[in-house]
Structures are given as structure tokens and as C-alpha cells.
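Take a look at the structure first, then read on.

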Amino acid sequence: MATEEKTLVEILEENNLIDLAKYVNYVSASQAGAIATFSGTTRDTFEGKTVVELRYEAYVPMAIRQMKSVCSSARSSWDIHSIAVVHRLGTVPVGEMSVFIAVSAVHRADALDACKFLIDELKASVPIWKKEVYSNGEVWKENSEFMDRKLELGKTNGSCCRRNVKVETHGTKSCCGAKVKVADGAAAEISTSDAGTEETI
């Protein structure tokens, strides 16, 4: 493996916190003049509702494969040294981190642009599902990036899927402004283990 193509992709199972130092150290290199990071944390309110926690589920093999694909796409667009992407599953209380991305590059523009691309693409295409738990209820949420991608696919391919999907949007545009109800109730198989799932390429 060439040093300039270091990529670490991980999905952490329930009750495993994200170790920021691990991922920043992974992408650090003497030839990299910039490290850009993004961390996503659980906020305490959403549209006036009190958020207690978020719960994440994923189809892990597909999520890992798609995360690796997103990293490859970033490398084809920017001059990147190293990438580290990690996402937690299970319960993530208010104030705790659910996702962390670190990108190193010779120049800051490549690191910053690639980092933004990675989080946007992760939200749009990686099969990780989020439930928001409020003080007075809970709801599964779809990222707006995912819904936008689904709508784009529907316009170009006639239909993005065979299921009857109803999209509910809120009055304001936000990162989590849409919910999806699937009429046929089909469920994906969930693959989990006690340890984190890791892929290094």
C-alpha cells in the first residue's frame, strides 16, 4: 500500500465512542500541510422538540463498501494524502459524536473541499439509518442529501425503487428535513457485532 493512499473506514458498534486522536494521528504526515476534520454531534433540539438521543442502525457490509467508494471518489477529485471516516451505531446521547471525518493533504483547499464532499456523500449514499428520540416521541429520519439524491435518480431513471415512498418535508430546509414512509414495510437485514467493523485500504 502506498503511503499517499492511506484510507481508514470504520463503523463502531453500540457503546463505542469515537477516539478523535486515533483518526487525526492516522491522517497526520510530514508531507501534509493541512488536516481538515468534521464531527457530527447529537444536538438537544430539533424544530422546537427536545431531543433525548439519536439511534443509528446500518447494513454494515454495504455501508463499509459505500464508504470506501466515497473515499475513492474523493481521491479522484482532490490531491489527498490520507482519509479517516468513522460512524457510530446504536445510541448516541446529546453532546456525543456520531460521525468523524479527517482528511490530510498538502494544501488546505484540497483537505477542506474533500472533507465537505465526504460528509455530504456519506449522508446521501451510505446505508446508515437514524432515529431521533424526543422527550415526547420518536421518528426515523432521512437526511435531506439522501432524499435529494433519491429524487434525482427518480427523475433520470423514471423510478428510484419499486416501493411506494411518501416524502414528508418540513417548512424549512435543514439537514434532516424529510421523513420517509415506506408502504410495503420491507426491512433490510442488520449485521452487528460487539467490536467495531474496520476496513483499511
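Is Arg108 buried or exposed? Arg108 is exposed, because its relative accessible area is 64%, over the 50% cut-off. Keep in mind that this is a predicted model.

**Annotated binding site**
- An unreviewed UniProt entry puts a "binding site" feature at His107, Arg108, Lys123, Lys130, Lys131 and Glu132.
- His107 sits in the loop between β7 (97-105) and α3 (108-125), and it counts as exposed with 51% relative accessibility.
- Arg108 belongs to helix α3.

**Salt bridges**
- There are six salt bridges in the structure.
- One of them pairs Lys22 with Glu10, whose closest N and O atoms are 2.9 Å apart. This pair links distant parts of the chain, with Lys22 in helix α1 (residues 20-27) and Glu10 in strand β1 (residues 6-12), 12 residues apart.
- Glu10 is buried at 3% relative accessibility, while Lys22 is partly exposed at 36%.
- Asp120 and Lys116 form another salt bridge, at 2.6 Å from N to O. Both lie in helix α3, four residues apart, or about one turn of the helix.
- Lys116 is exposed at 54%, whereas Asp120 is partly exposed at 24%.

- Lys131 makes a salt bridge with Glu138, at 3.0 Å from N to O. Through shared partners, salt bridges tie Glu53, Arg55, Lys131 and Glu138 into one network.
- Glu138 is partly exposed, at 43% relative accessibility.

Technical notes
Residues are numbered from 1 along each chain as its sequence is written. This is a predicted model: local features need pLDDT of at least 70, side-chain atom pairs count only at pLDDT 80 or more; totals for chains, interfaces and linings use all residues. Side-chain values use heavy atoms; hydrogens and water are left out. UniProt positions are given in the numbering used here, feature names are shortened, and annotations may be inferred rather than shown by experiment. Helices (H or I, at least four residues) and strands (E, at least two) are DSSP runs, numbered from the N terminus. Buried means under 20% relative accessible area, exposed over 50%, partly exposed in between (1.4 Å probe, protein chains only). A salt bridge is a side-chain nitrogen of Lys or Arg within 4 Å of a carboxyl oxygen of Asp or Glu.
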